[in-house]
Amino acid sequence: MRVSLFVTCLIDAMYPQVGVSTVKLLRRLGVEVDFPKDQVCCGQPAMNSGYHDAAREAAAALIKAFAGSEYVVGPSGSCVSMIRHYYPVLFKGHPLEKEAKAFAAKTFELSQFIVEVLGKDDLNAHFPGRATYHTSCHMTRGLGVVDPPLRLLRNVRGLELVDLPHREDCCGFGGTFAVKMADLSTAMADEKIDHASEVGAEYLVGSDMACLMHLGGRAERRGESIKVIHLAELLEQGTRPERLEESGGPARGAAAPGDSAASTRAKGAGRL
Amino acid sequence: MSKAAILERIDEALRNERLRRAVRKATDTFRGGRTRATAEFDDWDALREKARQVRAHTIQHLDYYIEQLAARVRENGGHVHFAEDASHAVEIVRRIAAYHGVRTVAKSKSMISEEIHLNHALEQDGIEVIETDLGEYIIQLAGETPSHIIGPALHKSREDIAELFSKLEGEPLATDTPPLTQVARKRLRDIFLKADMGITGCNFAVAETGSITLVTNEGNGRMVTSLPRVQVTLMGMERIVPRLEDLDLLLALLTRSATGQRATSYITVTPGVRMEGEKDGPEAFHLVIVDNQRSSILGGEFEEALNCIRCGACLNICPVYRHIGGHAYGWVYSGPIGAVLTPLYKGIEEWGEVAQASSLCGACYDVCPVKIPLHDMLVGIRRTSVQAGRSKRSERLIFKGFGFVMSRPGVYRTMLKAGRLAQLPFVRKGRFKSAPPPLSEWVRTRSLPSLPKRSFREIWDKGLDAGEERGRGV
């Protein structure tokens, strides 16, 4: 199977290691990955701020960039929700309406793709530590993807997954909201970080780098020791061949030939 | 309300730890109740959809149902008045009060009376106006406005209330709930008996019977509609259900969504006026149907906002409301529904900024018993505001640039490289130490990593295993 990576502009510009992890993870699952070079941004910041013409401009370019792809997979619940949920609305009555709908139908969030399309929820990963998962709003409510990331995490050996209290509450990122109403946005992050600390989590795992940039940035400013990590990074690090040996289990078809992850140094999880 | 004004209100709320604690506590209780109550149904969402359809049908045929309602009320012996706006509505109630020689008014909870600032106008006419809903009574004593649709004094702690009541009684009172409610009970009992006019709001008016429905937990609604000789009911023109049997569905959703109760302690359905052969009830009943901008929303993009049944569930679930309470929103309606209704009722040009007070998390839509897409409406209001030219020039420029860059991969690539150079004066040890606006607002409270040496696309170009991906270049 072949998929096109939609890396998202935030990961491309700020957190390239999450994109790298996504590619390596997908390859390890036996998926061929390409990267259409003309992709930039889904347009969500403009859309949510009320600049729908600018959003449409960015969106039209993205639709074009992925015109030849069969599956599009992105490591962001929010950006994928923008495409699946809002592109058909944004292009209603527009010459690109058909293309927008087709693009929406073939685009998947990473964990959604792994669980629902590939049909795998146990990647035979090993990642020691105590973690809690932040359910990002657009991914759960907009996209309707709730269980896939949790199923993947529950099957990670060595990982103690604890519930995050008030997990339905937004972290406070909210796009331009984060700078337009910075103090309010920060108050929301503070409560989220408090909850993660309450349950003694070492890792705060998420499927959206925007939330994690916000939460990690606030945690660091507060001097908290909690580490934020994207699900793709955790799963990629957890499925590296050396980790599989540590866990003592055979790689149940998880590692694909030609994977050279062993040559990369295992680094500490996303210190943002 | 200007951007500076709303930011100031938010700041004030964020600094008030007592308020935030009270709001968290109350909304957690409401949330828990709602979750338990909705879980009793196999298919809560199917009920929501049915209710949405009832509301949408009613709003789409509002002219028909208003006429039907008015005809039935008149047949029952009541009077019907139509008010175009707030001042018209106030004028109508003042005239009714003057006509009947009213000196004391007992009020049960009515959001629309807050909307039109009724109490103040009546008091200027020398009429004593007393709120009889406990929450409303508390905020009337405090000289405040409601901070929540169903819990107007929800922002007040027990200590706040004890202070208020101690002042009223002229002696220090303990902060226990029973003695405090006793104070209100004793004082309000006299008001109920003394009042010559009762003013109520209206949860639902039933078009086919001409009756009005009040949902309360304190029984004050029943006192107000049965003891005074004159009754006035104020209702927004959208607050109608076609048939009595529609109440079954909507009340089931309303009380569960609001407090998690299967039914509130009192549900009153009354024709307003004393019917033939009845021993008590008002001699005269006046129904005031208020437009106040509602008709301008009909038939437009935001029509579904009129489907609201005022349960407050969107306030209780809202992570923004949770931290700032209701007053920060600047007008009578708060939370997500307030952030939508306020600009619509008061004008997007002046009040559009309220719609920025949302992270667009969509929790409001999830809990809305009539499925109003509030998060999409907030975006719609932002868009309308931008189209009306109300956004800042600098912001318009940013998004013009955004559209240009994000639709041109080559330009985007160049901008990334330029960004790595441009950030240098602001970066130390891989973190932004300062930044130009609007990024400065981020850096003020949160750390922000600098742009890494290579973007993902540059790493991809060189091959993922070329060793570039290790660090973030920090």
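How far apart are the end C-alpha atoms of helix 19 of chain B, and what span should its residues give at 1.5 Å a residue? Before I answer, please note that this is a predicted model. Helix 19 covers residues 374-387 of chain B, and its 14 residues should span 20 Å. The end C-alpha atoms are 20 Å apart, which agrees with that expectation.

Among the buried residues are B:Leu374, B:Met377, B:Leu378, B:Val379 and B:Ile381. The buried set also includes B:His375, B:Arg382, B:Arg383 and B:Ser385. What covers them? From chain B, the cover includes helix 14 (313-317), helix 16 (335-346), helix 17 (348-351) and helix 18 (363-367). Chain A contributes as well, with helix 3 (44-49) and helix 4 (52-65). After helix 19 of chain B comes B:Gly389, which has a positive phi near 75°.

That brings me to the contact between the chains. It takes 60 residues from chain A and 54 residues from chain B. On the side of chain A, the elements giving two or more residues include helix 1 (9-13), helix 2 (16-28), helix 11 (182-198) and helix 12 (209-222). Which element of chain A gives the most? Helix 4 of chain A does, with seven residues.

I turn next to a sheet in chain A. This is an open sheet of four strands in the order 2-1-3-4, with parallel pairing. Strand 2 (32-34) and strand 4 (107-109) of chain A stand at the edges; each has a single partner strand, so one side of each is left without a neighbour in the sheet. On average, neighbouring strands of this sheet are turned by 35° against each other, direction ignored. Strand 1 (residues 2-5) and strand 3 (residues 71-74) of chain A pair in the parallel sense over three bridges. A:Val3, for example, has A:Tyr71 of strand 3 as its bridge partner. Helix 5 (residues 77-90) of chain A packs on the sheet, where it touches strand 3 and strand 4 of chain A. The direction of helix 5 makes about 150° with that of strand 4 of chain A.

Some backbone details deserve mention. Most residues other than glycine have a negative phi, and most peptide bonds are trans. Against that background, A:His166 has a positive phi of about 50°. A:His166 sits in the loop between strand 6 (157-162) and helix 10 (177-180) of chain A. With 16 C-beta neighbours inside 10 Å, A:His166 counts as partly exposed. In chain B, B:His117 has a positive phi of about 55°, and its loop runs between helix 6 (111-115) and helix 7 (118-124). B:His117 has 15 C-beta neighbours inside 10 Å and therefore counts as partly exposed.

Where is the cis peptide bond? It joins B:Pro437 and B:Pro438, with omega about 5°. B:Pro438 is placed in the loop between strand 12 (431-432) and helix 22 (439-445) of chain B.

Finally, I come to the domains. Chain B is divided into domain 1 (36-296) and domain 2 (413-462). The C-alpha centres of these two domains lie 55 Å apart. Thank you for your attention.

Notes
Residues numbered from 1 in each chain as written. Chains lettered and ligands numbered in written order. Predicted model: local features only at pLDDT ≥ 70, side-chain atom pairs only at ≥ 80, totals over all residues. Domains from an automatic or database assignment. Buried ≥ 20, exposed ≤ 12 C-beta atoms within 10 Å, placed from the backbone. Expected span 1.5 Å × (residues − 1). Contact = placed C-beta atoms within 7 Å. Pairing = 2+ DSSP bridges. Axes fitted to C-alpha atoms, helices over the stretch in contact; angles between N-to-C directions.
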